[in-house]
Amino acid sequence: MPTARDIIESILEKPSVFRSRDKLYPEYVPAYLPHREEQLKNLATYFRPLLVEPGSISQRVLLVGSIGTGKTVTAKRFGSDFKQLARQRGINLEYVHVNCHRDRTLYLVVQEIARQLRIPIPPRGLSAQEMFHIILKYLENRDMYVILTLDEFDYFIEVAGNDAVYFLVRTYDEHSEYTKRISFIFISRSLTSLSRLDSATESYLVRNIINFKPYASRELYDILKYRSSEAFYEGTVGDDVLSYIAELVGADTGGSGNARLALEILLLAGQEADKEGAPRVTIEHVRRAFTQTNPDISVMVNDALPHLPLHELLILLAIVRTLQRSGEPYVRIGEVEAEYHHICEEYGETPRRHTQVYEYVMDLKRRSIIETRLSGKGYRGKSTLIGISVGPLDLLEKRIREIIEYKREER
Ligand SMILES: Nc1ncnc2c1ncn2[C@@H]1O[C@H](COP(=O)(O)OP(=O)(O)OP(=O)(O)O)[C@@H](O)[C@H]1O
């Protein structure tokens, strides 16, 4: 019997597809941000006066975009690089990033700013406003500048309210004795949460907006390509795997355009490969990973199966088997139909005609059990391609076969 140590060692020594898995974690801030060049340029343009004429303005820029569009990572990358560049020019600038989902009140936000800047604050008895003035004086005494990002700012608006926002961003208007040492980046998922503010404060915030659009699949592919080159050993993740994930998530191919989701699927797919001791990440590992990030879809598919007519199930079985055999993300409808004829023979059923087969395929698509698209690059001729994003396919196959048996017995 293996000892506990043997078991632990066997896992530690198991080969892995990952060179450095943490490069896929959401908190990692990479040096390259493909397809966010415009946003970085805009940020640099807005904040340039801080280097040219420090103290002349308190800049404020609002980053807006839906979930996983790179707002946080772009702000952090910008902040860290801008700080280095400022220091090279002899300007003592710090970057502070506060997540307002965690720190939702003025008190918590101000406390967090002080913590990150390592400013000693008396432990008790001060109001948020008093603490903020201690920070401003500290910056003044040390000739320091700060870019302060308030991430998930929507929460701050909702919980802390208009007066708190006003206090934070208008301090320099009320206190002309201070040099303008703090500039702001606000991050929000949408502009609607800002309408809770009074119109003066709102218009003050929306003057400089940088938009972050959901990523298209081609953009996600570039992001995944770069991040996977950092995270995986060479040759363990093929371009087919990356394009498949990019297509599942891309905004132009029916997904949400969320890079966090795409990277999570890639990470989970790598973990699936490691679990099996596989030398490469496969399309099937991606299917399993996608199902883990989308448990609702597999429940929906499972619930739908018993309601499908027998021949629709036979076609679905044909799709599953053709996909399993090919190891590709998609197969041609022609190959599926050929497999369907085989399966009908196996079961002693008369196959339906082509037009009916096509109808069933379209019904499976309407029910989101399969995806279809027209063949393009890499395929000869135009043909309908069929894919299934939920996995594992062997479990799906087993379940379909059970229901087919059940339906045949019922007749
Ligand atoms: N252009 C990019 N290049 C490389 N990685 C990216 C890029 N855009 C986003 N990512 C990665 O995707 C994940 C999500 O990005 P980020 O957290 O910045 O999104 P967000 O827009 O702030 O989302 P949320 O609104 O949910 O906070 C992170 O792991 C980030 O590193």
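Analyst: The account below starts with the model and its domains, then turns to the core and its surroundings.

This is a predicted model, in which local features need pLDDT of at least 70, side-chain atom pairs count only at pLDDT 80 or more, and totals for chains, interfaces and linings use all residues. Residues are numbered from 1 along each chain as its sequence is written. The mean pLDDT (the predictor's confidence in each residue, from 0 to 100) is 92, and 99% of the residues reach 70 or more. Helices (H or I, at least four residues) and strands (E, at least two) are DSSP runs, numbered from the N terminus. The model scores ipTM 0.98 and pTM 0.86.

The domain assignment, with bounds from an automatic or database source, gives domain 1 (37–212), domain 2 (216–293) and domain 3 (298–410). The centres of domain 1 and domain 3, taken over C-alpha atoms, are separated by 53 Å.

The largest nonpolar core has 58 residues. Such a core is a set of buried Ala, Val, Leu, Ile, Met, Phe, Trp, Tyr and Cys residues joined through C-beta atoms within 7 Å. A residue is buried if 20 or more other C-beta atoms lie within 10 Å of its own, exposed if 12 or fewer, and partly exposed in between, with C-beta atoms placed from the backbone. Ile-245, Ala-262 and Ile-319 have the most contacts inside this core. Two or more residues come from each of H8, H9, H10, helix H11 (283–293), helix H13 (310–326), helix H14 (333–347), helix H15 (354–366) and helix H16 (393–410). The core lies between domain 2 (216–293) and domain 3 (298–410), because both give residues to it. Apart from this core lies another, of 40 residues, among them Leu-148, Ile-185, Ile-187 and Leu-205.

Two residues are in contact if their C-beta atoms, placed from the backbone, lie within 7 Å. Leaving aside neighbours within four places in sequence, Ile-245 is in contact with Leu-224, Ala-262, Ile-265, Leu-266 and Val-286. Val-249 is found in helix H9 (residues 239–249) and counts as buried because it has 29 C-beta neighbours inside 10 Å. Not counting residues up to four places away in sequence, Val-249 touches Leu-220, Gly-255, Ser-256, Gly-257, Asn-258, Leu-261 and Ala-262.

Asp-274 is placed in helix H10. With 19 other C-beta atoms within 10 Å, Asp-274 is partly exposed. Its contacts, leaving aside neighbours within four places in sequence, are with Ser-16 and Val-17.

Of the 21 residues around the ligand, Gly-70, Thr-72, Val-73, Ala-259 and Arg-260 come nearest; a residue is near if its C-beta atom, placed from the backbone, lies within 6 Å. H3, H8 and H10 are the elements that give two or more residues to this shell. Domain 1 (37–212) and domain 2 (216–293) each supply at least three of its residues. The shell divides into 10 nonpolar, six polar and five charged residues, where Ala, Val, Leu, Ile, Met, Phe, Trp, Tyr, Cys and Pro count as nonpolar, Asp, Glu, Lys and Arg as charged, and the others, Gly among them, as polar.
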